[in-house]
Amino acid sequence: MKRIIAVLVENKPGVLARVSSLFRRRNFNIDSLAVGTTDREDISRMTIVVRGDDKTVEQVIKQLNKLIEVIKVSDLSENSVNRILALIKVSANTSNRGEIIEIANIFRARIVDVARDSLIIEITGDEDKINAFTNLMRQYGIKEFVRTGVISMARGSKVVEAKV
Amino acid sequence: MRAADAIVKALEYEGVEHIFGIPGGAIIEVYDALYDSSIEHILTRHEQAAVHAADGYARAKGKTGVAFATSGPGATNTVTGIATAYMDSSPLVVMTGQVPKTMIGNDAFQEADTTGITMPITKHNYLVTDERELLKVVREAFYIASTGRPGPVLIDLPKDVTTADIEFDYPVEINLPGYKPKIKGHPKQIKNAAEEIVKSERPIILAGGGVILSNACEELRKLAETIPAFVVTTLMGKGAIPETHPLSLGFIGMHGSKYANYAVMDADLILAVGCRFSDRTTGNVSEFAPEAKIIHIDVDPAEIGKNVRVDIPIVGDAKLVLSELIKYIKYKQRKEWENKVNNWREKYPLKYTQNERTIKPQYVIEKIYELKPDAIVTTEVGQNQMWAAQYFKVSRARQFISSGGLGTMGFGFPAAMGAQVAFPESTVVDIAGDGSFMMNIQELATCVDYKIPVKVCILNNMFLGMVRQWQELFYDERYSETCLRCKEMSFEKIAEGFGAVGMTVEKPSDVEDALKEAFEIDAPIVIDFRVERLENVYPMVPAGASLRDIIDEEY
């Protein structure tokens, strides 16, 4: 089972190494990890997607909380907005370019670069949407693919914040 | 002020009296500053031993131990010591030298990524890259090491940081937004626990090393007497209750007594305090105490539910939680249970037979106990450790010092050295195996140099005994690489070569006199007891089996 965990950490060198080292040492499976500073420069936010049963995820959260530089750990697996950003370089020529753009429009993806024989498409969405779109693009030939890890935010009034 | 001087001054502020370590190029500035300090430095002969000694010191005294090492190999040599302290939650501050900031990452001479290497075996670690952060880091390190669930903290000091010029304004306030150890237990959970305890018919208290770390032994004993409940301990919990107390059943697990293990397996309630349910303690964890409601008190939330299912979790400091809990406990007689456990105790005592020819290792420990029941005892790891745990009845906290979690051979001797430095007037005995003692034997030089009169009692069976025992029982006596063929080797002469006192004892009738003599001499002593080579540790729960399936030697 996949679970999404948001981790607020002090923005210090080595914190990322500490978190990833913890996952390896405790034999937790990390699916993706996205990290960046928050609106406060001294605090970063990591979004970690882990796979495991309830007991494992409970341990993940507890062990993360033990790290001195970890300020807050929240489980965002339910009722949250989850986004991935992907850039896909697809083979395209004059005959199929229109068709690809049409599909991209349906997915509300954007064409960010056009070359003689390829397009770069930018798409955001959850895992399912990205996968569905990627599968459709295969028929044209994917030359290059890059995506971020999931970032996530709880819906409604719930806020993940550092009270410091 | 030179940063190196500021470091030493900060250590004085933290109340540090002793440091164990070895200097080197990258940490030479700090050693230079130490030259003028009132802090006593003990120069060990290996950095691993420096950390074990600081650890033994910390465990004996209940105060954060401090070790120094230089960069590169100095730092990597501390790794086993740090991992040992980490597994047993021992408070340490380890300071290592590092190559200058400008050279980090260039594979400079004696460079190693010390913070990277020690990340998974420290509670926290620091690489100081800004000298203005230095004093804050030292302050935080001591705070983190000794609070909550204690553990080792490492500070890596680039050489140019130690030579920098800084102001000495030692911070009082600590601001660690992500570190707030929970100290007080949840009142409602405590009440729930008390209710279950009062209801129970077959209660057992399982005390771990956390009871000792939080100085909760007095509270634990009172609670046990009030319920009343029998008390078993983990290996690390030895000393949480005097083992001569009528309610004490000693330690449980792989080599615990049959009666203690049976009592746990038959209990309808287990109050576990400051323990982590390690596999050596629980046996097959899915069959552990099947009928028991489990209450688990621990300061580390991650320990709760990690290995066993818990019915009532209480996160908090053992001392505070127990002193709250006791207020809600009403005495209730449980005659049937008491008789049952006492019958087991009578029926299945620890046993061995001493003959006239060969010394039994258990006999040596019984004699040590008879002659010096108040001694601080450290152990190495393996058979010597288990016999020591079985036959030395510990009467107080911090009297029994052993590497429980990591199981580090070579720990006992330097740890004894540290304990002796902490308590110069006490008798400190290292119960050793011939294999383990060889792993830090060079510290005899330190003991002689500083007149640290540790008594090393080697139970010499010329085997890596515990592995040999497993090979005998589970691998058809295929003794693959466990025989230390060294009949010709004399520990007595080695000791003498170092300038210590050496003795060899071969006859059972000489054991007592040799020990008496040794305890009279105020010098480091190695006694080589040539013991029965094929003696096994019994009883024993085979690895992975249930505690119920504990086996005894066939008599």
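I kept to the numbering from 1 along each chain as its sequence is written, with chains lettered from A and ligands numbered from 1 in the order in which they are written. As the model is predicted, local features need pLDDT of at least 70 and side-chain atom pairs count only at pLDDT 80 or more, while totals for chains, interfaces and linings use all residues.

Entry: helix 9 of chain B. I took helices (H or I, at least four residues) and strands (E, at least two) as DSSP runs, numbered from the N terminus. I checked the length of helix 9 (residues 187–199): its 13 residues should span 18 Å at 1.5 Å a residue, and the end C-alpha atoms are 19 Å apart, which agrees. The expected span is 1.5 Å times one less than the number of residues.

I then looked up burial (buried: 20 or more other C-beta atoms within 10 Å of the residue's own; exposed: 12 or fewer; partly exposed in between; C-beta atoms placed from the backbone). Ile190(B), Ala193(B), Ala194(B) and Ile197(B) are the buried residues of helix 9 of chain B. On the other side of this helix I found Lys188(B) and Lys199(B) exposed.

Entry: strand 18 of chain B. Five of the six residues of this strand (residues 525–530) are buried, so the strand is largely enclosed by the rest of the structure. For pairing I required at least two DSSP bridges between two strands. Strand 16 (residues 455–460) of chain B pairs with strand 18 of chain B in the parallel sense over six bridges. Ile458(B) has Asp528(B) as its bridge partner in strand 18 of chain B.
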